[in-house]
Amino acid sequence: MNDLLAAYGNLIDMIFLNSIIAYSVWLTLSANMFSMATGGFLSLGAYTCVYLTMQHGLPFFAGAAAAALAATAVALILGLPLLRLRGDYFALATLAFTEVVRVVALNWESVTGGALGIFNIPKYTDTAVLLIVFVLAVYFCWALEHSPEGRARRSMRRDETPAAAMGVNIFTHKLALFAASGFLAGLAGALAGHLNYFIGPNDFGLMRTIDALAYPILGGVNSLAGPALGAAVFTIFPEFLRFSNQMREIILGAVFVLAVLLLPNGLTSFRGFRGSRRRERRMGVREKGGG
Amino acid sequence: MTVLFQQLVNGFSLGATYAVFAIGFTMIFGVLNLLNMAHGAVFMWGAYIGLACVADLGLPLALAVPAAFVFSGLLSVSYEIVIFGPLRKKEAHRWIGLIASLAMARGLVALAQMIFGTHVVRYPTVGLLSGYMEMGGVRVHTLQIVIFGIAVLLMGALAFMLQRTRMGRAIRTVAFSPRVAELAGISVRNTAFATFFLAGALAGVAGVLLGLLFNAVSPFMGETILLKGLTVVILGGLGSVPGAMLGGLLLGVIEVFSVGYVSSAFRDAIGFGLVFVILLIKPSGLFGQTEAARA
Amino acid sequence: MYGIEQKNAIEMAIDEINESRMLGDIRVVGIHMDDGADKAQTVNIFQRLINQDKVQVILGASLATLSFAADPIAQAAGVPVIASSNTAAGITDIGNYIFRTSPPENILFPGVLAYAERKYNIKKAAQLYGIDDQLMKSAYLIHKEALAGAGIEVLLSETFNRGDVDFSAQLTKIKAAGPDVVVLGALAEESANILYQARQLGIGDNVVFLGANAAISTKLFELAGPAANGFLVGASWYAEYPSPKNQAFVAAYVKRYGHKPDVFGAQAYDAAYIVAEAVRRVGRTDDRKAIRDAIAATRDFTGVIGKLSFSATREPIVTPKVLEARGGSFVPAE
Amino acid sequence: MNALLSGEGITKHFAGVTALSGFSFEVPSGAITGVIGPNGSGKTTLMNIITGLYRADRGDLFFDGRNITGLPPHRIAALGIARSFQNIRLFSDQTILENVLLGTHLHRQAGIADILLRLPRLRREERAAESFCRELLERFELKHLAEHPVGRLSYGDRRRVEIVRALALRPRLLLLDEPAAGMNATEKLRLAGLIRRIRDERISILLIDHDMEMVMRLCDSVTVLNFGKKLASGLPCEIQGNPAVREAYLGLES
């Protein structure tokens, strides 16, 4: 049993880490923002935390908090101008942000070590820490979802105009969610930085961002379980296809395309979209009714 | 001065391939409102098919280019059949198409690795094209001129087709509004096929051109150019064909000049930084139409 | 990318070792896992190999970035690791269970530079390297230090990114600066294209190009053609290295796989034999510590790359060779 | 009578087309005011300018004596101006109760701390909002449908749900954009009764429609829009007698 745990320990860690990232992405997707800034926030979080712990001797939790706050601040600054942009332009502008962060990381050698990366990073992130952050992230999203905020967000995802006419401040709302997404991604970055002894600028590029977007989309944006389910499937699946690099990519690509074609609302919609909605509604009503 | 002119030549020949690639990318967006992230994979397959014609079948280049054109066009149409068409029918959110096309691209890259190998390969040298002229220390290769010519020719043909032919009118009507098009008796489905075919065919030829020009064909070439294509369409305005042509040339020159006169280490940051600044100043791209015109 | 040749060479070595019954009744079983050049997946693999498959030795990983993430796991578990394609500085500093048969750039490059200085009159240099590639960035820093040590002025340092195929802007700038020597921190494919485009832009034969160890591949000649002539690199090995052992290796490899091995394949082949030799000396397979000590004690092992010993810091001690690209292959530069 | 909402010289162009040109109007307090005009006369543009979706090129809007020109939609809503949409815009994947609950959004006090720590205030507010909305639904005979998804409702019921949602905002002024569009005679009659009841609850109403009959039956005063300009305004009977209106508008009808 112990051996099994040791053999798959990193896999379990990665499932939790990717799930946290998936909830960060979900916060933006669920408000109709296709943000590709995730890679940039992860990178920012990882470098901030590793820099503070290794070069300034800060304890891990302080470094992680600083990383999360730094990413939040950047999200706020970035969101102010970018959230005015229409859907695809917003997506591409956030992608540009992620790429600029990567280039900066490649050149800012005193902090990031450039392409050489940073090695011999102390391993502070263990399964327990990841589990705690994962649970907190899920709770955060759950609490938001089951509150007036969640109702406002679901409404504006559906149609922004009537939501605004009912008094929902769309811009502030999106900015707050974008900042919250930055916070979670920054925190996840800090955890990733201290997970595998080494980080480099290419760890958090376009590919990482796209995978992160795929988790909640594969799992289902309409459900709170979607992001975690998508992240878990996406993380475990390649382990079964260890035999060949290229076949793995082909099978992964084909399975993903098939999955979204059959279940465009994500894996969590498997039992039929209507059924899950009824269940959610029942949950919501009980929640409100039970004092 | 010599260096400046040499850099301009470098920039234009690089930019021409960007432009041919980006035109299809922006067309699919303009007509069908889709971001097709598998456009880079078509580009890469086009380059390999062209190469296979030349190297394995021994065909002349003049036949390899049309072969790549047709093959890539059909491959691109397969995206519509496999991904975008069914998703449109299911009224799925457009992100799903975006992510699904990325998955498709990854699969196609892996398939190319299996078939063609992971290493970089090259087109055989064509004697006729390997010459160059030198004017005041600036070298312009025959190949660069030919490629620039092909690029301009393709762009001109596309512009003519869009403006003057029935199919072009159909494409422009669907771009204006799919509902209006259906009322006018235009099949959105067939127009989507035509758009994907043209877009893919141009990307495939761009792949051959880039492979010829820079002596390198690899399974990963599509990923690099996709990022460039995204930059180009923002420079030119999403959905604008003339914008993509100008934007492509512009990006080529910007890249070369940022290497030449700023720093090669920040070349990509300058490209993306520019995207950023442009979007902040003009939220629909440098040459983009206003929103009312697109809606 | 470079993993396949290593996998081939290792499998060939294992079959030979088992057939020759070099280890008596002990049979070597190889488990190959593809790391997909992905950090998290490599860590997964290391954990599984160590805890589930309970391997005695790990050969790999394919890229230095992966080793930095995964090797600490093996170090903590006390499983010896021998890398055969990591040339970045600092790999063996991870711990006393980490070895490599691939000589790092700082052992190879000074020899190349010294040769170039002897043969040509070089005073001014330009550097061109892949800024987002750990291996190439590492090579760049070593080249820079060596150039400074030799008192050669570096006029300019230019960079490119992974996936770039157009180097003309950088080369135009370099041409205008007029260096005597251009030092490349680039993989084989990139080096080939740089050489090709440099000649296209009219950078003449009077400018010498020096490259990194990772540029050694038959690909260089396929892509660059005659433009590769005169290109100088440092290596532990080249296919035509005339030792009988190497000639036998290359012949067997060509027979089995249909093409010549690359330098990483050669280094991987030797790594496999070093492990076998260590196990033979220990005489049992259930003691990783003893195997580690036996590997560390390797002195004057005769492999296909020549004589190899491990230093106190577990780096390979080999005779560096300066190679020159000439007529479609690398030949000793003299 | 004091004007609750008034506009002065409102002008709006769209890519060369003039939708509104120097339009002025007044909505008195406590009454039903109608704006009529043929399709394309600028009615919906006016509605969107009042609610902050569009910004007028020229002109000013005053609400309760305060200049509200150019405020964003949520600020307009916060002032007590609620609206319905011409092409009903309910959230079709939610239940009727959930739709109406969104109307209480502005009256929430619970902050992020209440939400994240699930403090009692959050539940108290949620309970209060829910009973308020259920009451509202009961008053408009929709209570039995509270848990139904919007998707299953009849057209007339959807209209009513949208109006109830707007009322949940507790507005002082309710803007109705062609509420009778697509309704049959019975539904129209029922709607007219509903609108009167709302007025009786001291909520002022601005009704925009091209349906002459509906407007004439309900409104206390009427303004006629034609090609973005005011053609006439006055009591319904005055408008009906106005020759210019008859020519421009009624002439088209007959």
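1. In this predicted model, A:V129, A:L130, A:V133, A:A137, A:F140 and A:L144 of helix 6 of chain A are in contact (heavy atoms within 4.5 Å) with A:L177, A:A180, A:L184, A:L187 and A:L191 of helix 9 of chain A. By class, this contact has 11 nonpolar residues and no polar or charged ones, where Ala, Val, Leu, Ile, Met, Phe, Trp, Tyr, Cys and Pro count as nonpolar, Asp, Glu, Lys and Arg as charged, and the others, Gly among them, as polar.

2. Helix 6 and helix 9 of chain A pack with their axes 11 Å apart and at an angle of about 170 degrees, the axes being lines fitted to C-alpha atoms over the stretch in contact, with angles running from 0 to 180 degrees between N-to-C directions. That angle makes helix 6 of chain A roughly antiparallel to helix 9 of chain A, a term used for angles over 145 degrees. Helices here are DSSP runs (H or I, at least four residues), numbered from the N terminus.

3. Over all chains there are 33 aromatic pairs, a pair being two rings of Phe, Tyr or Trp (its six-membered ring) with centres within 6.5 Å, and planes under 30 degrees apart counting as stacked, over 60 as edge-to-face and the rest as tilted. The rings of A:F119 and A:F198 are stacked, because their planes lie at 15 degrees, with their centres 6.4 Å apart. A:F119 lies in the loop between helix 5 (109-112) and helix 6 (127-145) of chain A, and A:F198 in the loop between helix 9 (170-193) and helix 10 (206-219) of chain A, so the pair ties together parts 79 residues apart in sequence.

4. A:F119 is partly exposed, with a relative accessible area of 25%, whereas A:F198 is buried at 0% (buried means under 20%, exposed over 50%, partly exposed in between, with a 1.4 Å probe and protein chains only).

5. In chain B, the rings of B:F12 and B:F148 form an edge-to-face pair, because their planes are at 80 degrees, with centres 6.2 Å apart. B:F12 belongs to helix 1 (residues 2-32) and B:F148 to helix 5 (residues 142-164) of chain B, so the pair ties together parts 136 residues apart in sequence.

6. In chain C, ring pairs join C:F249, C:Y253, C:Y257, C:Y269 and C:Y273 into a cluster.

7. On conventions, residues are numbered from 1 along each chain as its sequence is written, and chains are lettered from A and ligands numbered from 1 in the order in which they are written. Local features need pLDDT of at least 70 and side-chain atom pairs count only at pLDDT 80 or more, while totals for chains, interfaces and linings use all residues, and side-chain values use heavy atoms, with hydrogens and water left out.

Conventions:
Helix = DSSP H or I, 4+ residues; strand = E, 2+ residues; numbered from the N terminus. Parallel < 35°, antiparallel > 145°, perpendicular 65-115°, else oblique.
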